[in-house]
Amino acid sequence: MDSNQENKSLMIFIILLILLFLASCGPVVLSSRIGEPPPSWFYPNRLEVVRYVYFPEYSFYYDLSARTYIYLDGGVWVRRNVLPTKYRHVDLNRARYERIRNYNEENIRRYHEENNAKRGRSNRTATRSNSRRN
């Protein structure tokens, strides 16, 4: 076996060790912002590129890159570092959220209009029929 072949084998072995180490480290989030970890309520179970998280029950977004909440305030989409008072009681560690994959644009309004605008705030307010058909 020549030294070139040995170097290739060693390199493959090192790469495999690094991949195994990274796989055992837990959740990994790819973000354009280096430094701060994601919020405590956001734990992906795999490597993924996600910029926005949507809380359908409350109809607001969180931008993981900018570390801001995005919500409608008087018909205008605003970005804030903290949630408004009406949402401060929400335990985000227990709240249901959806990862918005494959959308990295700044304008969340367009995404919301195309995907979530007709969903309503919650299914708890939907009218239900109590009549049964036999």
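Visitor: Why is Glu114 called exposed?

Guide: This is a predicted model, and the values are computed from it. Glu114 has a relative accessibility of 54%; exposed means over 50%, so Glu114 counts as exposed.

Visitor: What makes the contact of Arg110 and Glu114 a salt bridge?

Guide: The criterion is a side-chain nitrogen of Lys or Arg within 4 Å of a carboxyl oxygen of Asp or Glu. For Arg110 and Glu114 the N to O distance is 3.3 Å, so the pair meets the definition. Both residues belong to helix H2, four residues apart, which is about one turn of the helix. Arg110 is partly exposed, with a relative accessible area of 32%.

Visitor: How do you know that the buried residues of H2 line one face of the helix?

Guide: The buried residues of H2, which spans residues 108–115, are Ile108, Tyr111 and His112. Viewed down the axis of H2, they fall within an arc of 100°, and therefore they line one face.

Visitor: What makes Asn107 a cap of H2?

Guide: A side-chain oxygen of Asn107 lies 3.1 Å from the backbone nitrogen of Arg109, at the N-terminal end of H2.

Visitor: Why are Arg51 and Asp63 called buried?

Guide: Buried means under 20% relative accessible area. Arg51 has 8% and Asp63 has 0%, so both residues are buried.

Visitor: What joins the side chains of Arg51 and Asp63?

Guide: They meet in a salt bridge with an N to O distance of 3.0 Å. Arg51 lies in strand S2 (residues 48–55) and Asp63 in strand S3, so the pair ties together parts that are twelve residues apart in sequence. Arg51 and Asp63 are also linked with Arg79 and Glu106 in a network of salt bridges. The whole structure holds nine salt bridges.

Visitor: Which residues point each way from S3?

Guide: Phe60 and Tyr62 point one way, whereas Tyr61 and Asp63 point the other way, and all are buried. In a regular strand the side chains alternate between the two faces of the sheet.

Visitor: Why can Phe13 belong to a nonpolar surface patch?

Guide: Patch residues need over 30% relative accessible area and no salt bridge. Phe13, in helix H1 (residues 3–23), is partly exposed at 48%, so its accessible area passes that limit. Leu10, Phe13, Ile14, Leu17 and Ile18 make the patch, which covers about 470 Å².

Note on methods
Residues numbered from 1 in each chain as written. Predicted model: local features only at pLDDT ≥ 70, side-chain atom pairs only at ≥ 80, totals over all residues. Heavy atoms only, no water. Buried < 20%, exposed > 50% of the residue type's maximum accessible area, 1.4 Å probe, protein only. Helix = DSSP H or I, 4+ residues; strand = E, 2+ residues; numbered from the N terminus. Arc of directions from axis to C-beta. Polar contact = N/O pair within 3.5 Å; in protein donor to acceptor, adjacent residues only side chain to side chain. Patch = residues over 30% accessible without salt bridge, like charges linked within 9 Å, V, L, I, M, F, W, Y side chains within 5 Å. Areas by Shrake-Rupley, 256 points an atom, 1.4 Å probe, with all protein chains shown as cover.
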